[in-house]
Amino acid sequence: MIAYQVIVLAAGAGKRMRAGKNKQFLQVGNKPLLVHTLENFINDRACTNVLVVINEADEHLMREMLLEHSLLEHVQFVYGGAERQHSVYEGLKRCSDDSIVFIHDGARPFVKEDRIEELALRASESGAALLAVKVTDTIKQQGQSLKTLDRSTLWAAQTPQAFRHEVISRAHEWARTTNYLGTDDASLVEALGEPVEIVEGSYDNIKLTTPEDVEKAMAILQKRRGSVKKGDGSHMRIGQGFDVHQLVEGRPCIMGGVEIPHDKGLLGHSDADVLLHTVADAILGALGEGDIGKHFPDTDPEYKDADSIELLKHVYSLAKEQKYAIGNLDCTIIAEAPKMGPHIEEMRNNLARILETEPSQINVKATTTEKLGFPGRQEGIAAQAVVLLTRG
């Protein structure tokens, strides 16, 4: 494993997106674009430093967004310059000089883990490397007469681009003294006569520039979340959860992150949200990580009256560390009262937000026991869940 630091460029106005704001804030699925991008690096143990180059005017909103998604503590902000190249230079000044430097567009959320590893290796060996894909269209060059270029020699450059710190720093210093403005960082190294290696990338590693690109990104995201390789069980994990809490007076009735009006609430060390506890147990079961009691024991005062939304977020972070995402989740609430129907959609949306997926991948339903057993006697509420985790 080769350590690296990354400069993520997120200061552009994104005028071609026609969004009326920095495109980094655009929702792609249930997360902003920049969050998707940053998670590729923050979740990688080889990444030692994440520098996000921003427009100073966006800093407050950036902080709020990254705090909401538990990423703020993992990044440092750098103010950008007038041009992309100047922004990279500002980032380079904050990099340590003893590791590989990645330079990446904040609007490319779909770089693959194995490509990151290969890029770091090749840059450490040769000094500079970039991701690129072979050109598939016929390319015409216009001059006095039209000329067809040999596409077998043509590559479309992507990011990340990776460099030994000394190489890219020297290239940027040269560009500043000569007023050279390149189209990407590799072009500065090329201008010095230094070699740059190509690592073949993925056609999914698109840069979101126009509204049409957002549609493409949604399709890629859906494909990744639903991707299961046949015959490889490591790409699919199934877990089930079951939990019960007693109904008592003097407690709020919280279910799926929704406080439901009722004369009784659920008894527990935390807020006793039986649905979220069940989902957490299902995810932990899929991961082989025990149960919710192991991670949040009721003997620990830290979890007294804890918000179960935060507990489930922590459990899902364990899945993300292993590169798993929700394939689908099916939940059943078993209760005679209160009536769950009016609140089901809000519970579903809460689960989708917590688990960073689409509501279409979440199902929540409620049933009774026809007045039989403890739910029928309105002594308690039970819930069960089955989850499919996928790693594409």
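**View 1. The largest nonpolar core and its most connected members.** Among the 49 residues of the largest nonpolar core, I283, L351 and L355 touch the most other members. Such a core is a set of buried Ala, Val, Leu, Ile, Met, Phe, Trp, Tyr and Cys residues joined through side-chain atoms within 4.5 Å. Two or more residues each come from β13 (253-255), β14 (258-260), α8 (274-287), α10 (308-321), β16 (325-334), α11 (344-354), β17 (362-367) and β18 (380-390). The largest contribution, 10 residues, is that of α8. Helices (H or I, at least four residues) and strands (E, at least two) are DSSP runs numbered from the N terminus. The model is predicted: local features need pLDDT of at least 70 and side-chain atom pairs count only at pLDDT 80 or more, while totals for chains, interfaces and linings use all residues. Residues are numbered from 1 along each chain as its sequence is written, and side-chain values use heavy atoms, with hydrogens and water left out.

View 2. Apart from its neighbours within four places in sequence, L355 is in contact (heavy atoms within 4.5 Å) with V279, I283, L312, Y316, I326, L329 and I362. A second, separate core has 32 residues, including V8, L71, V111 and L131.

**View 3. The stacked pair Y4 and F102.** The aromatic pairs number 3; rings of Phe, Tyr and Trp (its six-membered ring) pair if their centres lie within 6.5 Å, with planes under 30 degrees apart counted as stacked, over 60 as edge-to-face and the rest as tilted. The pair Y4 and F102 is stacked because the ring centres are 4.2 Å apart and the planes lie at 15°. Y4 belongs to strand β1 (residues 4-9) and F102 to strand β6 (residues 100-105), so that the pair links parts of the chain 98 residues apart. Y4 is buried at 1% relative accessible area, and F102 is buried at 0%; buried means under 20%, exposed over 50% and partly exposed in between (1.4 Å probe, protein chains only). Y4, F41 and F102 form one aromatic cluster.

**View 4. The tilted pair W174 and Y180.** With ring centres 5.2 Å apart and planes at 45°, W174 and Y180 make a tilted pair. W174 is partly exposed at 27% relative accessibility, as is Y180 at 32%.

**View 5. Pairing of strand β10.** Strand β10 (residues 155-164) pairs with β6 in the antiparallel sense over 4 bridges, and A162 is the β10 bridge partner of F102. Strand β7 (residues 128-134) also runs antiparallel to β10, joined by 6 bridges; there, A128 has F163 as its partner. Strands pair if DSSP finds at least two bridges between them.
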